[in-house]
Number of protein chains: 2
Amino acid sequence: MTSRERFLAACACKPLDRPPIWVMRQAGRYLPEYRAMKERHSFLEMVRTPELALEVTMQPLRRYPLDAAILFSDILVIPEAMGQPYRFKDEGGIAMEFRIDGAADIARLSTDGAGARLQYLADALSLIKAELAGSRALLGFAGAPWTLASYMVEGGGSETFARVKELFYSNRPLFDELMTKVTGAVIESLRLQIASGADAVQLFDSWGSALPACDYEAGSLVWIRRIVAALPAGTPIILFAKGVGGNLPALASSGARVLGFDWTVDLPTVRSTLPANIAVQGNLDPVVMNLAPDVAAAAATRLLESMRGLSGHIFNLGHGILPQARPESMAAVCNAVVSWPAR
Amino acid sequence: MTSRERFLAACACKPLDRPPIWVMRQAGRYLPEYRAMKERHSFLEMVRTPELALEVTMQPLRRYPLDAAILFSDILVIPEAMGQPYRFKDEGGIAMEFRIDGAADIARLSTDGAGARLQYLADALSLIKAELAGSRALLGFAGAPWTLASYMVEGGGSETFARVKELFYSNRPLFDELMTKVTGAVIESLRLQIASGADAVQLFDSWGSALPACDYEAGSLVWIRRIVAALPAGTPIILFAKGVGGNLPALASSGARVLGFDWTVDLPTVRSTLPANIAVQGNLDPVVMNLAPDVAAAAATRLLESMRGLSGHIFNLGHGILPQARPESMAAVCNAVVSWPAR
């Protein structure tokens, strides 16, 4: 069984001897070879240059027995393709070139052709697909519309989300207009990614927990369902809505075949509560990767042990691996998973 | 029925025509009269001077029909009483004077007499108790041991909690030693507060969500249960563990009579899932207080409507009110609650 087959079997909730593993942000700053690349190229240059995106995507796969590659890219390439560029601030964090402030800004956002401006994603995926030669699964991704709209309306990261919430609560028709456009661009991007070889796609609703549970439906889920309905039925969609694990019924109704969870939920409980045809992904605390290899491996083994006998599990962290992670602890976790069950 | 009686009836899950209301951080920067006080006195001076703490505590009660007062204080007065002072950094955030780094630092932490060094809490509560004259409930509070230990070991706020987690995962006996001392000091402080007139006490596990669900028991809950067991059985304890709503079985086993929730859970669902003798508190999104009064009132009314017919609800926000909240929106929310049910 190849890694790719294992990954797709887990998405389909088929019984497996061990779960497949990939790690959010597996190509990232904790790897010396990534930092070396980063000295020669900016983040956005690596994202936009297919050969560089290929190289960064492949870096963790050369070191670790991961079952899936994920395209090296960024969720904010979609606002950028719609005409709202962004940059990384020197002091950290995101700054959009302007923020969406009213109907005129929304009207100016381009939708047709956003796909064409994202051709570099397709080109990178084609290169990676060829390199993988079917051995490992290939994942594409996009930000969920709520999360993208948050950046677009707030003009960057936010602590309170007061501007996007004001739009949501005070002018729902205008909010819906923005979300319709963003959702259309997400669909276009994900169709392109799937057509270029992505075996599955992940939707990051990184700011899903900013919405009250009673408004997660209208603020995020209806738009996610529109995406699910617009993509080819055979391609698994993974919904990772950070901090939303306390609202399981909502997530279960998203239409996504796989739900990703952070570390604040008990994964076996969630697995047993969800319908049997929805797989789960997660949910090791990323911080254990910053600790000693034996500590990290023990935490991974506890998670594996707790999921014993339960199908439909993709092993992952509960959020992206941190820049301070130890490469040798990442190795210890990967080895704990691929050598499971211990004999 | 007085506000105090209403509050205690809600804690006991008795049926009520409307829930009692109080608001986390109700005495705070959104009030012009608080900001005026703050120009003349530092935060810690107000906390440590009973007459000033009385004045700040009473400010929101003069404006709004709140059913409970909460002592104006800070969770970090306990580490300070144990010999680990702190200050607020100019750029925002907390800096402990040093951080706990190994057995020697833990050995130096004082426990006996921490209560005596917290006498100002008792004095402030006595003043407030007299001023309230039994009309409204009076709340005391403390940080939960996990949250306090996080500040103490990290040396302030943290994004990753890597130091306290390293202690937890790599040296459990030493972690337990620290937690035993912190838990003892919390118990001493809460006993003092109850003896001085607190009708109920709230435990803030503000960083509870930093712990993986599978470790919430060993890292936080066992210590909370020790506190519950050590306090007078007649005094309601409210446990507010932010971000832990996805781990309801753990919270339900805490022994606390009331559980506070942030906005990421659906409160009627949680209310119906929990045993009937555990009350719930929450969970309006604080950001609605930053929006127009009609928007804030509509959000409050939706929450009231969703809880119709369910006993054991204390109306509150899902986290502290923000400095940018509009006093008139706070008024609109309070009025929506106390005039409920609409006739």
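**View 1. A salt bridge joins the side chains of D215(B) and R302(A), with a distance of 2.9 Å from N to O.** A salt bridge is a side-chain nitrogen of Lys or Arg within 4 Å of a carboxyl oxygen of Asp or Glu. By this rule, 4 salt bridges are found across the interface of chain B and chain A. The structure is a predicted model, in which local features need pLDDT of at least 70 and side-chain atom pairs count only at pLDDT 80 or more, while totals for chains, interfaces and linings use all residues; side-chain values use heavy atoms, with hydrogens and water left out. Residues are numbered from 1 along each chain as its sequence is written, and chains are lettered from A in the order in which they are written.

**View 2. The interface takes 29 residues from chain B and 29 residues from chain A.** Contact here means heavy atoms within 4.5 Å. The buried area between the two chains is about 2,400 Å², with 59% given by carbon and sulfur atoms; buried area is the accessible area (1.4 Å probe) that two parts lose on being put together, summed over both. On the side of chain B, T264(B), L291(B) and R302(B) lose the most area to chain A, together 19% of what that side buries.

**View 3. Polar contacts across the interface of chain B and chain A comprise 10 residue pairs, both residues at pLDDT 80 or more.** A polar contact is a pair of N or O atoms within 3.5 Å; within protein, one must be able to donate a hydrogen and the other to accept it, and residues adjacent in sequence count only if both atoms are side-chain atoms. Helices α10 (162-170), α12 (213-230) and α15 (293-306) of chain B each supply at least two residues of the side that touches chain A. Of the elements of chain B, α10(B) gives the most to this side, with 5 residues. Helices (H or I, at least four residues) and strands (E, at least two) are DSSP runs, numbered from the N terminus.

**View 4. In chain B, 7 strands form an open sheet with parallel pairing, in the order β1-β4-β5-β6-β7-β8-β9.** Two strands pair if DSSP finds at least two bridges between them. The edge strands, β1 (68-70) and β9 (313-317) of chain B, each pair on one side only. Strand β8 (residues 279-284) of chain B runs parallel to β9(B) and is joined to it by 5 bridges; V280(B) stands opposite H313(B) in β9(B).
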